[in-house]
Amino acid sequence: MRGIDAQEKHRPHDIVSKLWQVDVMMAQGLLLAEAIRSIGVSQVTYNRWRSEFGGLKLDQAKRLKDLEQENLRLRRAVSDLTLDKRILAEGSKGNLIRPARRRDKIAQVPASRRLSERRA
């Protein structure tokens, strides 16, 4: 038995299918609240789904989710590269010709940026 706070993960094609079921039930004369209850979601969830997947077809909904995940992955990559660039810019200040100064500078970066020594 699932707990009250357990959330079910709905896939995009399931969501589009459930939205379509609600539309069919409403066309048959069922009230919106009853139709939403019959698909097993809350009014808030239904409204969120309707705003996100309202007029999409199954393949479009899947493509939307795939693009959102790709966008998130690319944002993380850009933020990592930006952080690396800032670390390099901070580390390149001053004269670092002598190995002792280079080691000192590298030792300062993890403490100031909360990074591993390897990343620094």
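The side chains of Glu-52 and Lys-65 form a salt bridge, 3.1 Å from N to O. This is a predicted model, so keep that in mind for every distance I quote. Glu-52 sits in helix 3 and Lys-65 in helix 4, residues 58-91, so the bridge ties together parts that are 13 residues apart in sequence. Both ends are partly exposed: Glu-52 has a relative accessibility of 29%, and Lys-65 has 28%. The pair also belongs to a network of salt bridges that links Glu-52, Lys-65 and Glu-68.

Next, the other salt bridges. The whole structure has 6. One of them joins Asp-66 to Lys-62, with 3.6 Å between the closest N and O atoms. Here both residues lie in helix 4, 4 residues apart, which is about one turn of the helix. Asp-66 is partly exposed at 35% relative accessible area. Arg-11 and Asp-14 make another, with the closest N and O atoms 3.5 Å apart.

Now the core. The largest nonpolar core has 13 residues, and the members touching the most others are Leu-19, Val-41, Tyr-46 and Phe-53. Helix 1 (12-27), helix 2 (32-39) and helix 3 (43-53) each contribute at least two residues to this core. Helix 1 contributes the most, with 5 residues.

What is Leu-19 in contact with, once neighbours within four places in sequence are set aside? Tyr-46, Trp-49, Arg-50 and Phe-53.

Terms used
Residues are numbered from 1 along each chain as its sequence is written. This is a predicted model: local features need pLDDT of at least 70, side-chain atom pairs count only at pLDDT 80 or more; totals for chains, interfaces and linings use all residues. Side-chain values use heavy atoms; hydrogens and water are left out. A nonpolar core is a set of buried Ala, Val, Leu, Ile, Met, Phe, Trp, Tyr and Cys residues joined through side-chain atoms within 4.5 Å. Buried means under 20% relative accessible area, exposed over 50%, partly exposed in between (1.4 Å probe, protein chains only). Contact means heavy atoms within 4.5 Å. A salt bridge is a side-chain nitrogen of Lys or Arg within 4 Å of a carboxyl oxygen of Asp or Glu.
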